[in-house]
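The following note sets out some remarks on the helix packing and the chain contacts of the entry shown below.

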Number of protein chains: 4
Amino acid sequence: MIVVLKHGVSAEKVSQLIAWLEALGLRIHISNGEFQTVLGLVGDTSSVDIDLVESLEMVDSVKRVTEPFKMCNRKFHPESMVVEVGDVKIGAGNFVMIAGPCSVESEEQIVTVAKAVKAAGASLMRGGAFKPRTSPYDFAGLKAEGLELLKIARQETGLPIVTELMNINDLPLFEDVDVIQIGARNMQNFDLLRELGHVNKPVLLKRGLANTLKELLMSAEYIMASGNERVMLCERGIRTFSDYTRNTLDLSAVPMLHELTHLPIIVDPSHATGIARLVPPMALAATAGGADGLIIEVHNDPIHALCDGAQSLRPEEFAELAKKVFAVREVVQ
Amino acid sequence: MIVVLKHGVSAEKVSQLIAWLEALGLRIHISNGEFQTVLGLVGDTSSVDIDLVESLEMVDSVKRVTEPFKMCNRKFHPESMVVEVGDVKIGAGNFVMIAGPCSVESEEQIVTVAKAVKAAGASLMRGGAFKPRTSPYDFAGLKAEGLELLKIARQETGLPIVTELMNINDLPLFEDVDVIQIGARNMQNFDLLRELGHVNKPVLLKRGLANTLKELLMSAEYIMASGNERVMLCERGIRTFSDYTRNTLDLSAVPMLHELTHLPIIVDPSHATGIARLVPPMALAATAGGADGLIIEVHNDPIHALCDGAQSLRPEEFAELAKKVFAVREVVQ
Amino acid sequence: MIVVLKHGVSAEKVSQLIAWLEALGLRIHISNGEFQTVLGLVGDTSSVDIDLVESLEMVDSVKRVTEPFKMCNRKFHPESMVVEVGDVKIGAGNFVMIAGPCSVESEEQIVTVAKAVKAAGASLMRGGAFKPRTSPYDFAGLKAEGLELLKIARQETGLPIVTELMNINDLPLFEDVDVIQIGARNMQNFDLLRELGHVNKPVLLKRGLANTLKELLMSAEYIMASGNERVMLCERGIRTFSDYTRNTLDLSAVPMLHELTHLPIIVDPSHATGIARLVPPMALAATAGGADGLIIEVHNDPIHALCDGAQSLRPEEFAELAKKVFAVREVVQ
Amino acid sequence: MIVVLKHGVSAEKVSQLIAWLEALGLRIHISNGEFQTVLGLVGDTSSVDIDLVESLEMVDSVKRVTEPFKMCNRKFHPESMVVEVGDVKIGAGNFVMIAGPCSVESEEQIVTVAKAVKAAGASLMRGGAFKPRTSPYDFAGLKAEGLELLKIARQETGLPIVTELMNINDLPLFEDVDVIQIGARNMQNFDLLRELGHVNKPVLLKRGLANTLKELLMSAEYIMASGNERVMLCERGIRTFSDYTRNTLDLSAVPMLHELTHLPIIVDPSHATGIARLVPPMALAATAGGADGLIIEVHNDPIHALCDGAQSLRPEEFAELAKKVFAVREVVQ
């Protein structure tokens, strides 16, 4: 950690600060500039409250040299992690397509969609049983029943299940689920993250709407530090001033996360854009940009032709997209 | 709800859409412009999925005319709500100062601070027992023990307690707390919000880092629709590109929220800025801008003189600020 | 334009408003909802000040139905525009690579780089002679001399020149330039835009750091409405809370702009990320996402091996990238 | 400047970097941490390209210790600057109200409004003659004629004129203006800023929509370094995800700018919110937060009663607000 002092701080105050820092078990290197003095803190600085130090009258600014995340840090784990879900491998060169409806609605729906996406090349199936909704008046999912329908679809297709958990108390219901998804709004639900450390299955952790990459990694660290290292990260759009799409897909996060961590990086173009016709170009872009996989909403509604344009792709659109995705993957690998 | 169709949509497609909307129990007014057709949907549109309609090929854009929040909507509740905490009244002209340390650390600390802030004019005391921390390696609060220490401080001073709940399962521990605070990261923890509907005490709901005013109101609606109408809202800074302060205090949210809702609006300048020396000017600004109250971090640490500049004010700084706050309040009321 | 009135507005006030709007030459359709009244304004609403109407006491909200941009609007120009620069075609299926150094530094430098990028497949050359710099103390470019060096490089390679204009008064110096670039900071320098309407050469208009797509299109409209229709748009990153990259590349703007306008869309991954090693993945992503071209910084500095990692790619890195870009282009076209 | 190296960089590469930095005239202090090496650069680092150093393969991050702004830096100018406009003093305890219409429309209008705001306590008058407009089809101001009308109003009231300059070439027309305003969109029009260094009158420099405080100060530095030290800064709202107001007024910028610079800080609540009824609470908040002055839009339109709610206050609303502003100023001073 580096502490830059303000101009003109008295020698006595500097000594006081150094004594305090040394009492925390740190060694201090002093560097006197033309205009300002800089302290280099050597030792385990993880217990130092950076905000507190920064707020001291005499301090101009503070910079942490080593990131506070360890278990998900590529510096300490240079080889990319492979997450295995049944026979499916994700990461370190293994690319995965995850697809399915936003919400599980009926057995027929989920089975039909699962078969279609499998035929098109998906190797995992998604489907929401517990749905976070901004409004208390909106449909919140089929819950336990939805999970049962997902299992039926898995039996019919062999596709492992990815589905969202919102509440610690629902965890027992998820015993037979293959991958637990944590949604953007729960990325910093720390008690929930800690609980997932005791679960023996992979976690797909979505980036919050306004969270930095460092915060995303710290949330992964919560799960890993509690005992479960099988974490995949998911970029799904951030909130910016730009209002033509629901969120702004931050694709440069993909190569940047690859530098920072060895965990697999998945991209969700459906939630990022909120507009079905933008999903194919953004899915292709994410693939070209180095994502380890995509999670895409596919919906099948033969009765209401009006749903054509919803956020979800129709199975045939997904099949067409999947072909191009695999072709782009060939080229950039 | 208003649905603007794209230029050149066929009459047949328009009829199909109208039939579908009418099947949802709505009446449709058609308005033909020079260049575009607009449908006005009359009736209960709360069940219409605005994103779905917007995504239809033939639709240019959709606008909801009536907000989807009812219970916290000033349109239906023109008189400002007064929330009562013991003898303390908040809202509708009643101004409140809430103060105390970020974390409860010891009996001596919390009692000392509570006495000091009471003497300075605070009528509620804050103090964290369960602390959300970005890093799994950071101090997460004294938990149940912290709650006990808060009760001791209440006994000594008579100040009601405001403290944060993070986990549904901790709710039984909060039975004797006066006001439950929901932090920014849990603003959209919908199961937690719903549970608070069954609690017979006021809730202080903080705005999330990247949440719109409408989303904040929808979260209040969750609590109210589940049975608990005693909700106070708290502006505590949003995340923007600006990096000189921890967050950007969005003070114009205060008068805007007063227009939209009848609930009391509290401002937290401590978390918004993250810098102690910016707290007094922002506390005064919030008061002048019409806030119904302030929640301010005050910390007492006579041993470590180094903490002078932390995010928290010292008791004597708070006392000085409180005097000015009450004077500004006199002027703008 | 649609005007949604507040609940409970008196009939008299509504009549007053309608009279005022009719005086502006508009016809008004009235639609009475269960709860609110909506006015549909038919006719030429381009002269109506939307902010003024929205601010009226009785008005809840206003929505413009037809976008205020005409000349760059795909609704009126369904076929994609092809911009020609010498023999080079851009847009409507014609893909272009623009490459070169950030600043022109010397004849040797610009000629060397121009030859290298041409060999790798670039068909236009970029190079800054007039440089916008945040600090008054930074190098601001070789100016007129830089333009001369660009012309020498063009003579040596045949590559047309793309270079930035910052000041109306420098326009005479740009007579022999092939494409004038307008930088992000000047996207709303309206007098400059208007002047470009009288210039007989293509303009590459970069999106401002915090500008919406609509504002970008309105700036293109300035140039086109003044007489010059050969405008290309450039996405180069927006400013968000995310701080790992210099800006956040908003790639979903590419397919969205393709919907809104018939103008070619170029992407600049160099300025968007500010980090050389992120340029290749983002260049590939932009290509896969449907961009009509890329503008990439390439720098050649054999002496200072330390510059390896700068924002600019080295010629050999660019050559490797270009191959992949063309391969991705093959796949997604 | 501090340069943090990556873990495991070879001693040879470190020596190379140090040699390169020493060649720039700097002395280097080396600090070896448990895990990383940190270089402290001592000397004049203003010529070091921070982005270049940061982009080097071996570098983890870089931190500038001394800000690159000098002339507007409070570190070197601890006493607050007083800007004088005729008899009016601004800054260092001198508070100013600037008021007037958005655009000058007619002699009657500007004279009437000027008289009204003077009576209410304004000591400078604002009024736009050259108007930046997002759309090329919108009214762009009365230009030279507008400036003449402002001079008439000055003659009638004695109030000095504040008005916006957009184009270097219009500068001769502004000779008799008292304060030149530079709008948000031109905050980084560097040629224009440099030109203002040669002008012998105060400049009111507005913060750009997406500009950091440091960028605002660097723009002030442009003017000051070119010879004109009479600069006032203006916070007028930044662009964020929040969409209830036109912009988000960043009031904590006021005390933060007071720390960073000795220049006066003005706040514009009219443009920040875009909604007349939010102007009074935000004007009071800005005053309580320590602004040196306010610039407020006041419009007088007795004919069209419909304009009641526009962004501008009516003279009587302004008069009522001004009283409260002066009362708040009394309290917080």
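1. In chain B, helices α9(B) and α10(B) are roughly parallel to each other, since an angle under 35 degrees is counted as such. The pair, residues 279-288 and residues 315-332 of chain B, packs at an angle of about 20°, and the two axes lie 9 Å apart. It should be kept in mind that this is a predicted model.

2. The crossing in which α9(B) passes α10(B) is right-handed. On the α9(B) side the contact is formed by Pro280(B), Ala283(B), Leu284(B), Thr287(B) and Ala288(B). The α10(B) side contributes Leu321(B), Lys324(B), Val325(B), Val328(B), Arg329(B) and Val332(B). Sorted by class, this contact of α9(B) with α10(B) comprises eight nonpolar residues, one polar residue and two charged residues.

3. For chain D, the corresponding description reads as follows. Helix α9 (residues 279-288) of chain D packs against helix α10 (residues 315-332) of chain D at an angle of about 20°, with 9 Å between their axes. That angle makes α9(D) roughly parallel to α10(D). The crossing of α9(D) past α10(D) is right-handed.

4. The residues through which α9(D) makes this contact are Pro280(D), Ala283(D), Leu284(D), Thr287(D) and Ala288(D). Those of α10(D) are Leu321(D), Lys324(D), Val325(D), Val328(D), Arg329(D) and Val332(D). The contact of α9(D) with α10(D) has eight nonpolar, one polar and two charged residues.

5. Turning to the contact between chains A and C, 34 residues come from chain A and 34 residues from chain C. On the side of chain A that touches chain C, at least two residues each are supplied by α7 (253-260), α9 (279-288) and α10 (315-332) of chain A. The most is given by α9(A), with seven residues. By class, this side of chain A has 21 nonpolar, 10 polar and three charged residues.

6. How are the two copies placed relative to one another?

Definitions and conventions:
Residues numbered from 1 in each chain as written. Chains lettered and ligands numbered in written order. Predicted model: local features only at pLDDT ≥ 70, side-chain atom pairs only at ≥ 80, totals over all residues. Contact = placed C-beta atoms within 7 Å. Helix = DSSP H or I, 4+ residues; strand = E, 2+ residues; numbered from the N terminus. Nonpolar A, V, L, I, M, F, W, Y, C, P; charged D, E, K, R; others polar. Axes fitted to C-alpha atoms, helices over the stretch in contact; angles between N-to-C directions. Parallel < 35°, antiparallel > 145°, perpendicular 65-115°, else oblique. Left-handed = near helix turned anticlockwise from the far one by under 90°.
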